[in-house]
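The sequence and structure are shown first.

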Amino acid sequence: MEFHNVSVDLKSNTYFDGRVTSRNIKFSDGSLKTLGVMLEGEYEFNTTKKEIMEVTSGEMHVLLPDSSEWQTFTENTSFDVPANSSFKVKVIKITNYCCSYID
């Protein structure tokens with residue numbers, strides 16, 4: 001995956017005492033993605049917009065909203081999260097990801 005003609009925030013978004021970090025990538029059409037890294041651990045995230053999470057390396061187990069079963073995501077897989085919801089993540093191996101925010 002490669003992006004062209006974008007701006008990147010120099011300051012990172014930092015969560016969970018630095019165990020999850022990302023950088024905002026802004027596109028000329030106004031859309032936003034984040035590129036980030038999650039260290040091993042368990043996390044819960046809240047959404048305001050619909051999100052598409054693409055795993056570019058690593059391994060995580062995800063408990064999506066309205067689901068009672070954990071799903072595994074590895075390199076070159078993705079999952080969608082509805083707006084105004086939350087999801088849980090168990091990172092098994094350091095994971096790189098790209099998150100797209102959908103209006």
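## Contacts and overall fold

The model is predicted. Among the contacts of the protein with a separation of 6 or more, 58% join residues 24 or more positions apart. The secondary structure consists of nine strands and zero helices, and the order along the sequence is β-β-β-β-β-β-β-β-β.

## Dimensions and burial

A compact globule of 103 residues would have a radius of gyration near 13 Å, and the protein agrees with this, because its own value is 13 Å. Along the principal axes, the C-alpha atoms fill a box of roughly 40 × 25 × 25 Å.

Buried residues make up 32% of the 103 residues. The accessible surface comes to about 6300 Å², and carbon and sulfur atoms contribute 46% of that area.

## Charges and salt bridges

The protein carries 10 positive and 15 negative charges, whose mean positions lie 5 Å apart. Side chains of opposite charge can pair when their charged atoms come close. With a salt bridge taken as a Lys or Arg side-chain nitrogen within 4 Å of a carboxyl oxygen of Asp or Glu, the count is three.

One of these salt bridges joins D9 and K26, with an N to O distance of 3.2 Å. D9 belongs to the loop between β1 (6-8) and β2 (13-15), whereas K26 is in strand β3 (residues 20-27); the pair therefore ties together parts 17 residues apart in sequence. D9 counts as partly exposed because its relative accessibility is 22%, and K26 is also partly exposed, with a relative accessible area of 38%.

## Pairs involving K49 and K50

K49 forms a salt bridge with D103, and their closest N and O atoms are 2.8 Å apart. K49 lies in the loop between β5 (41-46) and β6 (50-63), while D103 is in the segment after β9 (86-102), so this pair ties together parts that are 54 residues apart in sequence. K49 has a relative accessible area of 38% and is partly exposed; D103, at 83% relative accessibility, counts as exposed.

In the salt bridge between K50 and D80, the closest N and O atoms are 3.7 Å apart. This pair links distant parts of the chain, with K50 in strand β6 and D80 in strand β8 (residues 77-81), 30 residues apart. K50 is partly exposed, with a relative accessible area of 33%, and D80 counts as partly exposed at 41% relative accessibility.

Notes: Residues numbered from 1 in each chain as written. Predicted model: local features only at pLDDT ≥ 70, side-chain atom pairs only at ≥ 80, totals over all residues. Heavy atoms only, no water. Helix = DSSP H or I, 4+ residues; strand = E, 2+ residues; numbered from the N terminus. Rg over C-alpha atoms; globule rule 2.2 N^0.38 Å. Buried < 20%, exposed > 50% of the residue type's maximum accessible area, 1.4 Å probe, protein only. Contact = heavy atoms within 4.5 Å. Areas by Shrake-Rupley, 256 points an atom, 1.4 Å probe, with all protein chains shown as cover. Lys, Arg positive; Asp, Glu negative; His and termini not counted. Charge placed at Lys NZ, Arg CZ, Asp CG, Glu CD.
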